[in-house]
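Here are my notes on this model, point by point. Please read them with the structure open.

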Amino acid sequence: MSPDQHRSIIQQAAAQCGFSYCGISAAAFLEKEAKELEAWLQQGLHGKMQYMENHFDKRVDPSKLVPGAQSVISLMYNYYPPVEQSHENGPKIARYAYGEDYHFVVKDKLREMVSLLEEKIGQFTARIFVDSAPVLEKAWAKKSGLGWQGKNTNIIHPKSGSYFFLAEIICDISATPDGPIKDYCGTCTACIDACPTDALYEPYKIDASRCISYLTIELKDELIPETFHNKMEGWAFGCDICQEVCPWNRFSTPHTDKRLAAKEAIISWNTVDWQEITEEVFKQLFKDSPISRPKWSGFNRNLQFLQKAP
Ligand code: SF4
Ligand code: SF4
């Protein structure tokens with residue numbers, strides 16, 4: 001089969017498995033991104049996420065992850081919820097975390113896609129990734145034309161916005177690559193203006209150590225640093241502000257995946273409801289949810305800093 005035929009089979013399989021968009025890149029060393037990542041790490045903009053310093057060579061070279069890699073298949077899976085949180089004073093939770101943990105949901109879709117490809121193409125070597133291994137997923141998504149990387153650093157699809165999980169299949173299938181697309185941010189600065197912690201310290205650059213997602217999920221300290229105490233804007237898990245204000249997200253359409261359906265507690269509980277549950281109840285209710293990542297203690301810590309100081 002030719003690289004063009006492979007490309008077309010890959011595109012069909014992605015659609016069949018429920019991915020909204022699929023783009024292909026040649027699996028080559030990420031030279032420019034390697035320099036950018038090195039500088040970002042040297043400036044300490046990853047905060048206390050030490051794991052980001054590990055496996056540098058694998059992050060920038062797909063052949064270190066899959067020997068003989070020829071293609072990186074980038075995929076977008078829609079998570080824009082059909083319902084929003086309904087309470088006015090409850091803790092805000094990032095939309096990606098309303099339902100079952102995306103690592104499980106999207107990985108199942110990727111396995112299904114690899115099986116489909118094996119049926120059509122025959123045996124090949126591949127590894128699948130969903131935000132769980134050293135892969136620069138935004139760099140690959142951008143390279144493959146799934147969207148441009150906006151000033152808020154998210155990948156934005158020109159027809160559907162940015163509420164998508166990114167996933168990858170690195171494989172030794174030779175397929176015709178797609179090219180990058182234009183940046184449509186233009187003169188807009190809505191995300192930079194709206195970020196309450198100034199984490200978007202200049203266009204296209206993020207200081208992750210200032211981002212509410214990092215502060216509420218990744219930071220394991222007993223307290224959130226004082227400088228952010230009146231800047232959390234009600235967020236207890238993650239933050240969607242720079243996506244909410246992005247004009248391209250007016251094109252978002254709700255997902256239809258039952259496994260991503262919002263948990264009742266997330267939609268309707270107020271802060272007191274959350275504070276009243278025990279650790280056992282928290283573990284039971286959220287065992288398959290991204291919310292379990294900071295654990296009960298971390299989630300409770302976050303509840304202390306929801307509101308702006310009077
Ligand atoms: S997620 Fe929130 S805190 Fe982080 S960069 Fe976006 S607006 Fe700023
Ligand atoms: S809010 Fe504006 S500047 Fe920010 S990512 Fe969206 S279009 Fe780009």
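1. The sheet. This is a predicted model. Its open sheet has four strands, in the order β1-β2-β7-β4. The pairing is antiparallel. β1 (21–26) and β4 (126–129) are the edge strands. Each of these two pairs on one side only. From one strand to the next, the twist averages 20 degrees.

2. Which strand does β4 pair with, and through how many bridges? The partner is β7, residues 164–171, and four bridges join the two. They run antiparallel. For a residue to check on screen, take Ile-128: its bridge partner in β7 is Ile-169.

3. Helix α1. This helix covers residues 3–16 and packs on the sheet. It touches β1 and β2, the latter spanning 71–78. The direction of α1 makes about 145 degrees with that of β1.

4. Helix α4. Where does α4 lie? Residues 102–121 form this helix, and it lies across β2, β4 and β7. Its angle to β7 is about 40 degrees.

5. Cysteines. How many disulfides does the structure hold? The count is zero. Is Cys-191 buried or exposed? Its relative accessibility is 8%, so Cys-191 counts as buried. Cys-239 has a relative accessible area of 17%. The cut-off for buried is under 20%, so Cys-239 is buried as well.

Technical notes:
Residues numbered from 1 in each chain as written. Chains lettered and ligands numbered in written order. Predicted model: local features only at pLDDT ≥ 70, side-chain atom pairs only at ≥ 80, totals over all residues. Heavy atoms only, no water. Pairing = 2+ DSSP bridges. Axes fitted to C-alpha atoms, helices over the stretch in contact; angles between N-to-C directions. Contact = heavy atoms within 4.5 Å. Disulfide = S-S within 2.5 Å. Buried < 20%, exposed > 50% of the residue type's maximum accessible area, 1.4 Å probe, protein only.
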